[in-house]
Amino acid sequence: MSRSAHPAGPRHADVLPEGHPSAPPADLNHLDRKVWASTVTRTPDGVVSVGGVEVTRLAEEFGTPAYLLDETDFRERARAWRTAFGPDADVFYAGKAFLSRAVVRWLHEEGLNLDVCSGGELTTALSAGMPADRIAFHGNNKSVDEIETAIRTGVGRIVLDSFQEIVRVAHIAQSLGKRQRVQIRITVGVEAHTHEFIATAHEDQKFGIPLAGGQAAEAVRRALQLDGLELIGIHSHIGSQIFDMSGFEVAAHRVVGLLKDIRDEHGVELPEIDLGGGLGIAYTSADDPREPHEIAKALTEIVSRECEGAKLRTPRISVEPGRAIVGPTAFTLYEVGTIKPLDGLRTYVSVDGGMSDNIRTALYDAEYSVALVSRTSEAAPMLVRVVGKHCESGDIVVKDAFLPADLAPGDLIAVPATGAYCRSMASNYNHALRPPVVAVRDGEARVIVRRETEEDLLRLDVG
Ligand code: LLP
């Protein structure tokens, strides 16, 4: 996942080689700007604050664990993507990374569009006032109900994912007396350099229609014949947490190749291409993500160059960043509970959450960093593993990190870069109560997703 190297061999801080990514940082109190949201800072009294509010106050008011989301940073990132791509392109925020009504309103205000992949995400988006024509609907197995709702409410595009779906969407649109704007998602056969579970453009997987063997061309042929569909473009999403632009380059080359074949066969120049999301963020200091303007420049140049070569008009580009917008904007605040030093190994630091609020470490071997945020400390670094409170030894939040040796129960620690795919993949394992999301901005904090309660759990248990 993250490109940070795994510590191998020596386990003690004092024997780790210098310059090794897992060697203790020179100053444990320092907050690396790369991984923390933009307004996070350490106040003169040593407490970390976000949006001008100290984490000690936030913990008191909202409890722990909690996801603290820096609204200013979210808006700045959303705006940076929008500005970088300019008026001739569209930025669809991928709601699966994290979606709530407040987030939908921020996106709307900042001029972004929205990618949803379920009826639940669509309902959330519409209920918060996102205009339907700025929504793209994704998914490899959309239900008839979802398709009907999407068409009825007027979503801007449905991204078709299979031959069966081409027919299904066309049929439903026609029965509703509509012509639905659609894209076809293809798999371009690129091996994205990321974890296997989140790589999506190789052929042996469930998403999209393979370019190989002429299948994508056949899908286009069928879609163009159906009255219920208006084919507006081709979609490709190659994976997630990607740093290397070469995968996008190959994808763009192949998508444009298909556009050219379509022009040659049907005399139609499709007006849009969507290159998906997947841009990586810094989870630890070892990661070096690109800025939106660099990504926009690289992608638009690649597409224009390919189109020029194919003598095609350059289509309107869209992208679907999720993690790159919301990921860095939030951190998870935990209270330290049991601390268990294991001689010759490491110290296990248990927190009041775990794999139910961040499954990514267990699921993808993801790497995170951690800091003591309720005070500073001059104590020596100790090698720790931050673990949760679940009944499972794989319940790890941060595999290897350093915290000060005087860490004590009751201290607050925070794991940065948890804005994406943490709350959205949170579970009730062991009947854990999913933490709230608290948005902080200009000295004010407000709950945008409240903490679950035991009543919430019992309400669903109707036996
Ligand atoms: N567009 C499509 C069609 C997608 O499938 C995805 C992510 C995105 C955009 C947004 O990708 P992003 O920019 O956020 O990387 N749970 C995994 C990630 C799964 C991503 C699924 N699709 C994780 O925690 O890393």
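How many residue pairs are in polar contact between domain 1 and domain 2, counting pairs with both at pLDDT 80 or more?

Reply: The count is one residue pair in polar contact between domain 1 and domain 2, with both residues at pLDDT 80 or more. Keep in mind that this is a predicted model. Salt bridges between domain 1 and domain 2 number zero. By class, the side of domain 1 that touches domain 2 has five nonpolar residues, one polar and two charged.

Now for the layout. Domain 1 takes in 41-70 + 328-460 of the protein chain, and domain 2 covers 138-321. Taken over C-alpha atoms, their centres are 36 Å apart. Contact between them involves eight residues of domain 1 and seven residues of domain 2.

Next, the area. The size of an interface is often given as the accessible area lost when the parts come together. Here domain 1 and domain 2 bury about 760 Å² between them. Carbon and sulfur atoms hold 64% of that. On the domain 1 side, Arg360, Tyr364 and Ala417 lose the most area to domain 2. Together they make up 49% of what that side buries.

Then comes the ligand. Domain 1 and domain 2 both give residues to the shell around the ligand, so the ligand lies between them. There are 19 residues around the ligand. Ser240, Glu320, Arg360, Tyr364 and Tyr421 come nearest. By class, the shell has six nonpolar, seven polar and six charged residues.

Two names return here. Arg360 places a polar side-chain atom 2.6 Å from an oxygen atom of the ligand. Tyr364 has an N or O atom in its side chain 2.7 Å from a nitrogen atom of the ligand. Asp115 also takes part: an N or O atom in its side chain is 3.5 Å from a nitrogen atom of the ligand. Taken alone, the ligand exposes 580 Å², and the protein buries 92% of that.

To recap, Arg360 and Tyr364 are among the residues of domain 1 that lose the most area to domain 2, and both are among those that come nearest to the ligand.

Terms used:
Residues numbered from 1 in each chain as written. Predicted model: local features only at pLDDT ≥ 70, side-chain atom pairs only at ≥ 80, totals over all residues. Heavy atoms only, no water. Domains from an automatic or database assignment. Contact = heavy atoms within 4.5 Å. Buried area = accessible area lost by both parts, 1.4 Å probe. Salt bridge = Lys/Arg side-chain N within 4 Å of Asp/Glu carboxyl O. Polar contact = N/O pair within 3.5 Å; in protein donor to acceptor, adjacent residues only side chain to side chain. Nonpolar A, V, L, I, M, F, W, Y, C, P; charged D, E, K, R; others polar. Near = heavy atom within 4 Å. Areas by Shrake-Rupley, 256 points an atom, 1.4 Å probe, with all protein chains shown as cover.
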